[in-house]
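The following note sets out several points for a reader who is new to protein structures. Please keep the structure in view while working through the points.

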Amino acid sequence: MTMRQCIFAIFVVASTLFFKCHAQAPQAAVYNDPSTGITFDTWNVAGSSEAGGLTFGMALPSSALKSDATEFIGYLRCTATEKTVADGWCGLALGGSMADSLLFIAYADGDLVRTSLRFTSQYAMPGVYAGNATVKQIASTISSTGFSLIFHCQDCLHWSQNGTSGSASTSSGLLDLGYAQSVNAPSDPSCPAEVKLARHDIQGTWTAMLDEHAVSDAYDKWRAQAKSTVPDQCSGA
């Protein structure tokens, strides 16, 4: 048994014991996006009576399973329930925990999907991340069943703020990720720097296994599809 198989076997036992904490399986499902041609490893978080759930996907540079990547192309599908009609938000913790890891937030605002990078060292409303990470969108869709977003996240797999730093190791083949979803719309949605998020209705963590489909020699070509950031509508801007 290889080391990776051993880790996976241990995780299966642990996930059986702690199913309520780890919401979904570590193995990835491959998704080929028809509009962009990008191939992702994806993981699905099941919905509940409170929220519709989400799907997160990742595409990485060709060398990412050998040396740690600092960027990725992401896929996020935030599913609505009949109650929410796509008004809520979805969030990802790129280091697993809400505290001391880079947080990615996305929500629909009219016909746009807006994003915000956040950081906190406490379990409280996270502030705007002050590091160098940037997000550029590649494609987005919005409907009554939710919204989806494909985006390039530069310098999002390592982070540093207020003396606290961390990273996600793609070369290990395993990523600790966290998620949160709220059915309630954020306030001040047109200004991501000032947006206030309602408390999440579901949350959890999982360990995501990266396989050979997560990396591609076409990564640079896919990344070139990234557009400029969506313009904010902030007071005084």
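This is a predicted model: local features need pLDDT of at least 70, side-chain atom pairs count only at pLDDT 80 or more; totals for chains, interfaces and linings use all residues.

1. Helices (H or I, at least four residues) and strands (E, at least two) are DSSP runs, numbered from the N terminus. By this rule the chain has 2 helices and 15 strands.

2. Residues are numbered from 1 along each chain as its sequence is written, and side-chain values use heavy atoms, with hydrogens and water left out.

3. The chain has 237 residues, and 47% of them count as buried (under 20% relative accessible area, with a 1.4 Å probe and protein chains only). Among contacts (heavy atoms within 4.5 Å) with a separation of 6 or more, 62% are between residues 24 or more positions apart.

4. In which order do the strands of the open sheet of 6 strands lie? The order is 8-7-6-5-13-14, with antiparallel pairing; two strands pair if DSSP finds at least two bridges between them. Strand 8 (127–128) and strand 14 are the edge strands, each pairing on one side only. Strand 7 and strand 8 are joined by 2 bridges, and Phe 119 stands opposite Gly 127 in strand 8.

5. A pocket is an open set of points on a 1 Å grid over the protein atoms alone, where a 1.4 Å probe fits, with protein on both sides within 12 Å along at least five of seven lines; lining residues have an atom within 4 Å of a point. A volume is the space filled by probe spheres set on the points. The largest pocket holds about 500 Å³ of space. Its lining has 23 residues, and Trp 89, Met 98, Ala 180, His 200 and Gln 203 are the closest to its centre. Strand 5 gives the most to this lining, with 4 residues.

6. The second largest pocket has a volume of about 360 Å³. Of its 15 lining residues, Thr 115, Ser 116, Leu 117, Pro 192 and Asp 232 lie nearest its centre. Strand 7 (112–119) and strand 9 (134–143) each give two or more residues to this lining, and strand 7 gives the most, with 4 residues.

Key:
Buried means under 20% relative accessible area, exposed over 50%, partly exposed in between (1.4 Å probe, protein chains only).
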